[in-house]
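Please open the model in a viewer and keep the selection panel at hand.

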Amino acid sequence: INNEIGSMAWQHTRHACEEAKSQNADILLVHLNTYGGTLQHADSIRTAILNFPASTIAFIDNNAASGGALIALACDKIYMQKGASIGAATVVSEDAKALPDKYQSYMRSIMRATAESHGKTINPIDSTENWIRNPLIAEAMVDSRIVVPGLIDSTKVLTLTTNEAIKYGYCEGEATSIADVLKQS
């Protein structure tokens, strides 16, 4: 997905998922460089990825903003190129103005649910549970009111760099190419 997320990106992704299923593919790799697009199409792509029967991997080679962040979060693993970023998922109008909270609430919810879909880990020493991808971080990508202690205060919408995404569990590692992603996964 190298352009705006819209009907063409959804059709292309749906076709790719069908083709991968018909070939019993072991991996579906989603190559992202997008500033986002329509929520309807991004959510359709997210749902297709979440329901894909095999492993899914996102490779962000530059940008996964807005709907691109949602799509990346749906994947089982995320790899990012050095200098890439993920986040800034506030729902905006065509003139780049934030839409009312009804829309933000929905986006916060699907970002949170997508992060939660990857589950938790349990520390064998003290049985504490930790999210694989912290849902609060996903919400902070939508809403400037969300505070993530040690990461962001409540005055900014969150966007993570490659290094930050690795540090906070939103990225498995840095990669330079699709071949590099496949080699690491």
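The model is a predicted one, in which local features need pLDDT of at least 70 and side-chain atom pairs count only at pLDDT 80 or more, while totals for chains, interfaces and linings use all residues. Residues are numbered from 1 along each chain as its sequence is written, and side-chain values use heavy atoms, with hydrogens and water left out.

A138 is located in helix α5 (helices are DSSP runs of H or I with at least four residues, strands are runs of E with at least two, and both are numbered from the N terminus). Select next L73, M111, R112, A115 and Y170: these are the contacts of A138 once neighbours within four places in sequence are set aside (contact means heavy atoms within 4.5 Å).

**The nonpolar cores**

Which residues have the most contacts inside the largest nonpolar core? They are L32, I60, I71, I86, M111, M141 and Y170, in a core of 48 residues (a nonpolar core is a set of buried Ala, Val, Leu, Ile, Met, Phe, Trp, Tyr and Cys residues joined through side-chain atoms within 4.5 Å). At least two residues of this core come from each of α1 (7-22), β1 (27-34), α2, β2 (55-65), α3 (67-74), β3 (77-80), α4 and α5. Helix α3 gives the most to this core, with 6 residues.

Centre the view on I86. Beyond residues up to four places away in sequence, I86 touches a set including I60, A64, L73, M141, T159 and A165. Another core, of 5 residues, lies apart from the largest one and has I57, Y79, A175 and V181 among its members.

**Helices α2 and α3**

Display α2 and α3 together. Their axes come within 8 Å and cross at roughly 10° (axes are lines fitted to C-alpha atoms, for helices over the stretch in contact, and angles run from 0 to 180 degrees between N-to-C directions). The two helices are therefore roughly parallel to each other (angles under 35 degrees count as roughly parallel, over 145 as roughly antiparallel, 65 to 115 as roughly perpendicular and the rest as oblique). On the α2 side, select L39, A42, D43, I45, R46, I49 and L50; they meet G67, L70, I71 and A74 of α3.

**Salt bridges**

D43 and R46 are 3 residues apart in helix α2 (residues 39-50), and so are separated by about one helical turn. D43 is buried at 15% relative accessibility, and R46 is buried at 12%.

Move to E139 and R112, whose side chains meet in a salt bridge of 3.3 Å, N to O. Because E139 lies in helix α5 (residues 135-140) and R112 in helix α4 (residues 101-116), this pair ties together parts that are 27 residues apart in sequence. E139 is buried at 11% relative accessibility, whereas R112 is partly exposed at 27%.

Finally, select D101, R108, D143 and R145, which are linked in a network of salt bridges.

Terms used. Buried means under 20% relative accessible area, exposed over 50%, partly exposed in between (1.4 Å probe, protein chains only). A salt bridge is a side-chain nitrogen of Lys or Arg within 4 Å of a carboxyl oxygen of Asp or Glu.
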